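Visitor: I am new to this structure. Please take me through one part of it closely, and then show me how that part sits in the rest.

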Amino acid sequence: MKKVYLMTPGPTPVPDDVRLAEAKPIIHHRTTEFAEIYVRISEDLKVVFKTHNVVLTFLSSGTGAMEGAVSNMLSPGDRALCIMGGKFGERWEEICKAYGIQVVSLNVEWGDYVKPEEVKRMLDQYPDIKAVFTTLCETSTGTLFPIKEYGDIVRNKPNTLLVVDAISGLGACDMRTDEWGVDICVSGSQKGLMLPPGLAFVSVSDKAWRFTETSRCPKYYFNFTKQRIALEKKSPTAYTPGVSLIVALDKSLARIKEEGIDNVLERHARLANATREAVKTLGLSLLSKKPANAVTAINVPSNIDGGALKRTLDKKYGVSVAGGQADLKGKIIRIAHLGYMGEFDIITAISALELSLKDLGYKVELGKGVAKAMGILK
Ligand SMILES: Cc1ncc(COP(=O)(O)O)c(C=O)c1O
């Protein structure tokens with residue numbers, strides 16, 4: 001028998017009551033019973049997004065809402081700034097290019113983040129930039145990007161939107177949509193919201209709704225206006241929603257409300273801190289210059305095969321972590337502390353890491369990292 005511990009940065013573990021809610025008999029979506037649930041989740045999501053803006057829900061992975069953010073705001077030929085520094089920053093550029101947007105980009109070495117001054121410099125150089133696309137937590141490197149500071153720069157520009165991919169960051173890293181002047185915030189179900197994959201969310205500011213009026217990019221399913229009108233009419237969705245996922249979301253949002261969003265964020269901060277400090281105690285280093293509280297990216301020692309480390313953790317100890325993407329393949333492992341996770345998930349992951357490192361010939365004093373984590377989590 002081998003018990004499996006899912007420690008990847010999405011999908012993440014789903015609490016039992018949320019899974020059971022998903023297993024309830026299907027109800028029809030054009031009923032008052034479903035409309036009530038849908039209106040409630042649309043309101044409760046605002047608590048997590050820290051916004052008064054409308055939050056729309058789509059039946060897709062998070063990338064669908066990222067694509068919608070581009071296609072609903074912009075027109076072919078418009079200029080956009082894409083802030084990169086990892087796989088998901090690059091995704092903004094790829095989507096923009098697919099819609100004929102002229103992209104200027106700011107890139108940094110993976111593990112680093114783009115400084116706000118650079119964003120200001122670009123906006124001064126290209127005053128016609130209509131949208132700045134960025135990422136709260138760059139999951140491929142475990143890096144937190146300074147959204148508040150970007151917001152301070154974009155906020156007073158009436159012809160420029162700030163669009164944030166908070167797919168892995170929401171519910172783990174502080175995300176103050178309204179306070180920071182974020183016009184579009186995108187997220188997904190399979191991370192901090194403790195659900196299976198399948199739902200995408202997007203909050204849309206008043207300023208952003210004005211951009212939809214002139215946008216000429218093609219769109220059909222991800223038409224934000226159509227979806228908003230349906231929600232306003234309590235219809236409540238333009239097309240068949242993911243009924244079971246929405247019912248389960250109602251449950252997971254109730255859990256978040258019960259714990260309190262700031263306590264949820266505080267829990268993530270503690271788990272992240274314990275993970276980082278335990279890893280450093282083992283003599284390992286972190287990839288990120290500004291680690292996010294959703295996931296820790298750990299440099300694999302040069303004398304160890306990163307693929308073998310990930311396989312040992314997974315196959316021998318049942319701890320499923322993520323490896324590196326693109327050029328970082330084999331060079332890092334990523335341990336998530338995201339969503340439905342507590343102290344003993346971290347203790348488990350660190351102990352499995354110690355055992356796996358030892359198996360692969362790395363000099364490790366068993367229990368040293370675990371003791372460090374326990375000291376922080378006690
Ligand atoms: C920061 C970030 N952006 C975008 C995505 C893509 O989301 P999805 O796979 O739900 O389309 C992910 C998924 O890992 C992510 O972590």
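Guide: Start with two terms. Two strands pair if DSSP finds at least two bridges between them. Helices (H or I, at least four residues) and strands (E, at least two) are DSSP runs, numbered from the N terminus. The model is predicted: local features need pLDDT of at least 70, side-chain atom pairs count only at pLDDT 80 or more, and totals for chains, interfaces and linings use all residues. Residue numbers start from 1 along each chain, as its sequence is written.

Now the part itself, a sheet of 3 strands. The sheet is open, its order is β11-β14-β13, and its pairing is antiparallel. Look at Ile298 first: its bridge partner in β14 is Ile333. In total, 5 bridges join β11 to β14 (residues 332–336). β11 and β13 (322–323) stand at the edges with a single partner strand each, so one side of each has no neighbour in the sheet. In general, strands of a sheet pair through backbone hydrogen bonds, either parallel or antiparallel.

Two helices pack on this sheet. For them, contact means that the C-beta atoms of two residues, placed from the backbone, lie within 7 Å. Axes are lines fitted to C-alpha atoms, for helices over the stretch in contact, and angles run from 0 to 180 degrees between N-to-C directions. α10 touches β11 and β14, and its direction makes about 10° with that of β11. Helix α11 (residues 306–316) touches β13 and β14; its direction makes about 35° with that of β14.

Next, the loop between β13 and β14. Ala326 has its place there. Its phi is near 50°, a positive value in a residue other than glycine. Most residues other than glycine have a negative phi, and most peptide bonds are trans. Ala326 is exposed, because 10 other C-beta atoms lie within 10 Å. The cut-offs are these: buried at 20 or more other C-beta atoms within 10 Å of a residue's own, exposed at 12 or fewer, partly exposed in between, with C-beta atoms placed from the backbone.

Now step back to the whole chain. It is divided into domain 1 (5–10 + 260–377) and domain 2 (16–258). These bounds come from an automatic or database domain assignment. The centres of the two domains, taken over C-alpha atoms, are 28 Å apart. Contacts link 24 residues of domain 1 with 26 residues of domain 2. Two elements give two or more residues to the domain 1 side: α10 (261–281) and β11 (295–299). α10 gives the most, with 4 residues. By class, that side has 14 nonpolar, 7 polar and 3 charged residues. Here Ala, Val, Leu, Ile, Met, Phe, Trp, Tyr, Cys and Pro count as nonpolar, Asp, Glu, Lys and Arg as charged, and the others, Gly among them, as polar.

Another sheet has 7 strands. It is open and mixed, in the order β2-β10-β9-β8-β5-β3-β4. β2 (54–59) and β4 (102–106) stand at its edges, each with a single partner strand, so one side of each is left without a neighbour in the sheet. Within it, β9 (residues 184–188) and β10 (residues 199–204) pair in the antiparallel sense over 5 bridges. Ser187 stands opposite Phe201 in β10.
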